[in-house]
Amino acid sequence: MNTIHNRQVINDVLVEQAKLDKDIVVLCSDSRGSASLAEYAKVHPKQFVETGIAEQNIVSIAAGLAACGKKSYVASPACFLSTRSMEQAKVDVAYSNTNVKLIGISGGVSYGALGMTHHSTNDIATMGSVPNMRVYFPSDRHQTRQLMLALLADQKPAYIRVGRNPVEDVYTEGDCPFVMDQATVVHGGNDLTIIASGEMVYPAQQAALALEKEGISCRVLDMFCVKPLDTAAVLKAARETQAVIVIEEHVAIGGLGATISQLLAAQPQPTRVVSLCLPDEPAIAGKSAEVFAYYGLTSDNLVQTAKNLLA
Amino acid sequence: MENLKAKTFEIRQDILDTIVNCKAGHIGGDFSVTDILTTLYFKQMNVDPANPKMMGRDRLILSKGHSVEALYAVLANRGFFPKADLKTVSAYGSKYIGHPTNKVNGIEMNSGSLGHGLSVGVGMALAGQMDNASYRVYVVIGDGELAEGSVWEGAMAASHYKLDNLCAVVDRNKLQISGCTEDVMGHENLDERWSSFGWNVIHAEGNDTDALNAAFEIAKTTNGQPTVVIADTIKGFGVSFMENAAAWHHKVPNAEEYQLATAELALKRSAAQ
């Protein structure tokens with residue numbers, strides 16, 4: 001099992017890139033520890049801003065810095081960043097079009113036992129619905145690194161969600177195909193397609209391997225670019241395979257499944273879409289894996305769902 | 001050039017024309033903040049209308065974004081864009097929308113939702129501090145806006161980071177849409193509130209360009225802490241029947257009121273010359 005979580009990769013990339021680019025500024029809201037950015041704060045104290053526990057303030061300050069040429073990276077728990085600071089993200093970041101990257105840490109149900117205050121299971125809906133805000137859910141540490149490097153090279157607003165815990169590798173060192181804003185085909189297949197993002201990509205990959213053993217050819221798309229959605233990859237999958245399963249660590253309304261269903265429903269040829277997601281209720285307490293298992297966000301359930309669809 | 005005080009009445013006429021033309025706007029707050037914006041853009045700020053993105057320019061954020069007609073009129077008079085553009089304010093497809101937008105020359109940030117500007121100004125001032133730049137950052141806040149909690153998050157951060165390149169201006173006209181600020185949500189001991197947050201507090205007659213100019217000069221020489229200029233203003237200042245009347249928060253003058261206001265502004269302008 002990989003032990004390096006995606007937050008650590010973000011720290012590593014920022015520590016290394018901030019040495020080369022003095023305009024990079026990282027902001028934390030008493031969150032440098034939980035964001036694994038303590039090292040960054042130590043190495044680059046002059047390119048680090050602490051705002052204290054003030055999630056509205058941190059986003060506006062980041063926007064002000066960006067308006068004066070800085071490249072702002074805000075790291076704060078996804079649950080707060082995606083809702084409490086939503087208006088600042090809407091007005092000062094997206095609307096004013098400032099170069100601010102909002103990194104929602106410990107996203108989804110990472111803080112499983114802490115209750116709904118600490119869950120961010122509606123952040124695609126909130127952030128994704130803001131015009132000019134992009135949304136990225138990287139899957140593993142290798143992809144997180146690639147995504148960070150791509151984001152450092154652009155000037156546009158974005159929201160990025162990463163989980164708290166290390167996740168199994170989907171890719172390997174040196175073999176992580178990545179094109180910005182294009183879904184990565186994790187596993188080829190022509191019977192059906194699973195589309196996943198973030199921590200759901202690994203179970204999707206596992207499900208495809210299990211289905212392969214049973215003679216079912218399953219395509220897996222790593223849709224790290226939740227917005228802008230890689231519509232070409234979705235439409236291609238709909239054309240070339242019989243059905244689409246979307247799995248996400250998010251509620252149904254406004255999520256990846258809803259977006260993909262909307263896209264496919266508008267096509268002349270209908271495609272069956274099944275969405276595995278979290279329910280419209282506060283999630284149960286537990287570790288991420290336990291919560292995923294309870295709600296069927298697992299490779300086993302993906303396998304079963306795929307078989308039912310093709311039966 | 002005519003003196004600054006006379007200029008403020010010319011600008012008020014442009015605001016009045018704009019609001020009557022587009023049949024919308026916040027005339028009361030526009031008139032209370034006119035002298036603040038005029039003093040800053042004509043006397044204090046290092047800006048170049050021919051090069052609005054000039055390196056090292058001073059920055060202003062109109063956090064009380066609903067006073068945008070005043071900002072547009074001041075920027076047009078300062079030469080950032082032709083005065084004729086004011087005729088397109090709030091028109092179909094116009095870039096001159098009903099709140100500040102950075103698509104307009106001279107405007108740094110979009111605003112309109114209250115309580116954002118001070119924190120954005122903190123970010124701008126921090127960037128200046130990091131870069132050892134000499135520019136100053138001004139944030140103009142309404143007094144009704146002070147009820148937004150985020151203002152005080154920004155105030156806290158500004159003094160924590162000793163942002164002496166940041167100057168907030170409170171347009172203290174004591175009126176908001178529902179009535180007196182003190183009845184809606186009081187700001188008792190306003191000076192002490194700001195000073196307890198670590199700010200240098202200066203009071204100024206907010207409809208007097210000389211007094212405002214003097215206050216901004218003091219702010220410039222204050223080291224180690226941000227300054228707030230609490231500008232005691234009169235809502236609707238310049239047109240007697242609009243002054244201190246909450247009803248004129250966003251009322252559009254009718255033809256008769258327009259004539260009366262125009263005549264009074266002309267008189268005051270010539271008296272000031």
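Select Ile103(A) first: Ile160(A) of strand S6(A) stands opposite this residue. Strands here are DSSP runs of E with at least two residues, helices are runs of H or I with at least four, and both are numbered from the N terminus; two strands pair if DSSP finds at least two bridges between them. The model is predicted, so local features require pLDDT of at least 70 and side-chain atom pairs pLDDT 80 or more, whereas totals for chains, interfaces and linings use all residues. Residues are numbered from 1 along each chain as its sequence is written, and chains are lettered from A in the order in which they are written.

Next, display the whole sheet. This open sheet of chain A has 7 strands in the order S2-S1-S3-S4-S6-S5-S10, with mixed pairing. Strands S2 (48–50) and S10 (225–227) of chain A each have a single partner strand, so one side of each lacks a neighbour in the sheet. From one strand to the next, the twist averages 20°; axes are lines fitted to C-alpha atoms, for helices over the stretch in contact, and angles run from 0 to 180 degrees between N-to-C directions.

Contact means that the C-beta atoms of two residues, placed from the backbone, lie within 7 Å.

Colour chain A by domain: domain 1 covers 6–161 and domain 2 covers 184–310, with bounds from an automatic or database domain assignment. Their C-alpha centres lie 26 Å apart. The contact takes 22 residues from domain 1 of chain A and 27 residues from domain 2 of chain A.

Now show both chains. Chain A has 22 residues in contact with 20 residues of chain B. Helices H3 (55–67) and H5 (86–95) of chain A each give two or more residues to the side of chain A that touches chain B, and H3(A) gives the most, with 9 residues.

Finish in chain B with helices H1 (residues 4–22) and H2 (residues 27–44), whose axes come within 9 Å and cross at roughly 135°. Among the residues making this contact are Ile11(B) and Ile15(B) of H1(B) and Phe31(B) and Phe42(B) of H2(B).
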